Amino acid sequence: MEINICILPGDGIGVEIMNQAEKILDRVCLVFGHDADMDYGLIGGAAIDETGSPLPRETIDICQGKDAILLGAVGGPKWDHIDKSIRPEKGLLGIRKEFDLFANLRPAVLFPELRSASLLRPDIAEKGIDLLVVRELTSGIYFGMPRGEEMRQGQRVAYNTMIYSEEEIRRVARVAFEAARRRNFRVCSVDKANVLDVSQLWREVVVETSREYSDVELSHLYVDNAAMQLVRDPSQFDVILTSNLFGDILSDEAAVITGSLGMLPSASMGLKNPALYEPVHGSAPDIAGKDLANPLATILSVAMMLRYSFSMEREAQAIEAAVKKVLGKNIRTGDIMSPGMKQVGCSAMGDLVAAEIG
Ligand code: NAD
């Protein structure tokens, strides 16, 4: 089968970590007998330097014909003071909009080998974390109209609108139910239905959609309770489905309790290809070009890509198992280093994981 993708390294450590992603893909192709067709494009600061735009038309055109996009990271101090309308981050927002990537998938996994990095009490971390937050990404309060600031009765007021159509809820709910079918068949929908009308509709539509997935167990939590449960006992969760605002907060909370930014992959998907896969972390300008970056978040993003865009479950599991094996041999990059471990650079980590595949 052909793995037909576009690679957008972006800025900072983007190039280094994408080199490791390629190593992994080459190895997967060799071991499992696939072909990889990889094209490259510019995004973020690198694209601004070259073309004046953070998301050049040419990049969109290259991505258009692909099944998936693999992105490094964008941004850095070099572009912090340029015109707001062409900031590197606009490239990221632009690509999400261009391909209508309405569902953001962020797994939070605590590898047993990295338990000591978790911010949770040891007896809670002991139970493990392996959950997936599915966040609606293109609607809700961040985009709802009307929005703005104005004078009312002599004082400034400001407002945003939290709005969802039933179709917007249904399509992201389906992504969550489908994801649960690849995992442990449980979805917990998070809302604030005791207070918000929009959450009442959210809950109704999620319940309706669940009828298409009778093999998946559905539960509901209010967002305040969900935030507490995530630190009290994250092991209870499989898939968490939620709206844009709640998902923004809960996915960061779920990420931080694992303690390792360099280990967290993500996916953003729409109704059709290409989907976008990227590490959660940024371009880490402080360590860029020094072979210090942890490539594992990117390597795990490759696993997600093979699982969700190419239905290559065996290949995805082989990558995840290879990461575990390397960690099990007490090999670490600097960011996840602890006493008694062996420290390696970005490139060596890529080589070691690739060698464990197959
Ligand atoms: P960051 O995630 O880049 O870095 C935060 C800290 O974590 C830094 O100390 C960095 O060295 C470290 N770190 C991050 N990834 C690492 C890795 N793979 N291995 C080892 N250490 C790692 O966040 P920041 O410093 O707030 O932002 C830097 C730039 O990245 C900014 O321009 C910001 O706008 C951008 N950013 C981009 C994205 C994205 O492209 N998705 C996300 C967040 C931030």
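Predicted model: local features only at pLDDT ≥ 70, side-chain atom pairs only at ≥ 80, totals over all residues.
**Stop 1: the ligand**

With D286, by contrast, the N or O atom belongs to the side chain, and an oxygen atom of the ligand is 2.8 Å from it. Now show the surface: on its own the ligand has 790 Å² of accessible area, and the protein covers 67% of this.

**Stop 2: A21**

Select helix 1, residues 14-32, and find A21 within it. Is A21 buried or exposed? A21 counts as buried, because its relative accessibility is 0%. Leaving out residues up to four places away in sequence, show what A21 touches: L70, T298 and V302. Although A21 and C346 are 325 residues apart along the chain, their C-alpha atoms are separated by 11 Å.

**Stop 3: T242**

Move to strand 10, residues 239-242, where T242 is located. T242 is also buried, with a relative accessible area of 0%. Display the side chain of T242 and the backbone of V190: a polar atom of that side chain lies 3.0 Å from the backbone oxygen of V190. Apart from neighbours within four places in sequence, the residues in contact with T242 are V134, R135, E136, V190, W202 and G247.

**Stop 4: the cysteines**

Finally, select the cysteine sulfur atoms. A disulfide is a covalent bond between the sulfur atoms of two cysteines. How many disulfides does the structure hold? The number is zero. Centre the view on C6, whose nearest cysteine sulfur is that of C63, 3.8 Å away. Because a disulfide requires two cysteine sulfur atoms within 2.5 Å, C6 is in no disulfide. C29 is in no disulfide either, and the nearest cysteine sulfur to that of C29, belonging to C6, is 16 Å away. Both cysteines are buried: C6 has a relative accessible area of 0%, and C29 has one of 10%.

Conventions: Residues numbered from 1 in each chain as written. Heavy atoms only, no water. Buried < 20%, exposed > 50% of the residue type's maximum accessible area, 1.4 Å probe, protein only. Polar contact = N/O pair within 3.5 Å; in protein donor to acceptor, adjacent residues only side chain to side chain. Areas by Shrake-Rupley, 256 points an atom, 1.4 Å probe, with all protein chains shown as cover. Helix = DSSP H or I, 4+ residues; strand = E, 2+ residues; numbered from the N terminus. Contact = heavy atoms within 4.5 Å.
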